[in-house]
Amino acid sequence: MKIAEKTVVQMHYTLKSDEGAVIDSSEGREPLQYIQGMRMIVPGLEKAMVGHDVGDKFDVVVIPAEGYGEYDERMTQEVPLNVFQGVDKVEAGMAFYAQTPGGPMQIRIKSVGEKTAIIDANHELAGKNLNFAIEVVSVREATEEDLKPFEHHCCCGGHDGDHECECGGHGNKENCDGNGGCGCEHHAEHHGK
């Protein structure tokens, strides 16, 4: 069976930098499993997987725009060291999670000065080519159970958390009930929930 939309794929991979350094690999571990078309892997790799079959071995170079994006200087910021409460010594390379309006975001310490630090919210692989060596281990059709976590929920919300429900009412991400309910007063009658 060839890899196509809504197939469950298991693959071994090795990810290298342009300089040939291994960044990540499934070697010695279970193969990585994902569902094609569900945006579980970077877009450039997902596109390259289409049409491959069990046993295929191939290389893929994913450019930044189809990987973790271009490096954006606007995602760096200087902050006072006292924002890192409970940390004895703040050092370059450390990673933290910051609460943002869009949810938790990983930040890394880019550099440390006497009283401030430069934080960087770019993904650590932003701006870099991703050089994959792939081996397809298995391909099968996704079951209903496989696809259940990807079903549409009516509580997707925008960046500000406010959301217009498909039925025209307004709900809010904070009111999400985990089953597609977003607090819209018409949600139940229009969606049968």
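**Strand pairing and local detail**

In strand β8, the bridge partner of Pro-80 is Thr-116. Helices and strands are DSSP runs, numbered from the N terminus, with at least four residues (H or I) for a helix and at least two (E) for a strand. The model is a predicted one, in which local features need pLDDT of at least 70 and side-chain atom pairs count only at pLDDT 80 or more, while totals for chains, interfaces and linings use all residues. Residues are numbered from 1 along each chain as its sequence is written, and side-chain values use heavy atoms, with hydrogens and water left out.

The bridge of Pro-80 belongs to the pairing of β5 with β8, two antiparallel strands joined by five bridges. Strands count as paired if DSSP finds at least two bridges between them. On its other pairing, β8 (residues 116-120) is joined by four bridges to β7 (residues 103-112), again antiparallel. Ser-111 has Ile-118 as its bridge partner in β8, and Arg-108 stands opposite Asp-120 of that strand. Three residues separate β7 from β8 in the hairpin that they form.

These pairings are part of an open sheet of four strands, ordered β5-β8-β7-β6, with antiparallel pairing. Its edge strands are β5 and β6 (95-100), each of which pairs on one side only. From one strand to the next the twist averages 45 degrees, where axes are lines fitted to C-alpha atoms, for helices over the stretch in contact, and angles run from 0 to 180 degrees between N-to-C directions. In a regular strand, side chains alternate between the two faces of the sheet.

Leaving aside residues up to four places away in sequence, Thr-76 touches Tyr-71, Lys-110, Ile-118, Ile-119, Asp-120 and Asn-122; a contact means heavy atoms within 4.5 Å. The C-alpha atoms of Thr-76 and Ile-109 are 9.4 Å apart in space, and the two residues are 33 residues apart in sequence. The side chain of Thr-76 also reaches the backbone oxygen of Glu-73, at 2.7 Å.

What does a search of the whole structure find in the way of aromatic pairs? It finds one. A pair of aromatic rings is described by the distance of the centres and the angle of the planes. Phe-84 and Phe-96 form a tilted pair, at 5.1 Å centre to centre and with 40 degrees between the planes. Rings of Phe, Tyr and Trp (its six-membered ring) pair if their centres lie within 6.5 Å, and planes under 30 degrees apart count as stacked, over 60 as edge-to-face and the rest as tilted. Phe-84 lies in the loop between β5 and β6 and Phe-96 lies in strand β6, so the pair ties together parts that are 12 residues apart in sequence. Phe-84 is buried, at a relative accessible area of 10%; buried means under 20%, exposed over 50% and partly exposed in between, with a 1.4 Å probe and protein chains only.

Away from this sheet's listed strands, Ser-25 lies in strand β2 (residues 22-25). Ser-25 is buried too, its relative accessible area being 15%. Not counting residues up to four places away in sequence, Ser-25 touches Tyr-13 and Thr-14. The side chains of Ser-25 and Thr-14 are joined by a polar contact of 3.2 Å. Such a contact is a pair of N or O atoms within 3.5 Å; within protein, one must be able to donate a hydrogen and the other to accept it, and residues adjacent in sequence count only if both atoms are side-chain atoms.

Two residues call for a look at the backbone. Most residues other than glycine have a negative phi. Lys-6 has a positive phi, near 60 degrees, and lies in the segment before β1 (7-16). Lys-6 counts as partly exposed, at 43% relative accessibility. Arg-39 also has a positive phi of about 60 degrees, although it is not a glycine. Arg-39 lies in the loop between β3 (32-35) and α1 (43-49) and counts as exposed, at 76% relative accessibility.

For the protein as a whole, the secondary structure comes to three helices and 11 strands. Of its 193 residues, 33% count as buried. Among contacts with a separation of 6 or more, 56% come from residues 24 or more positions apart.
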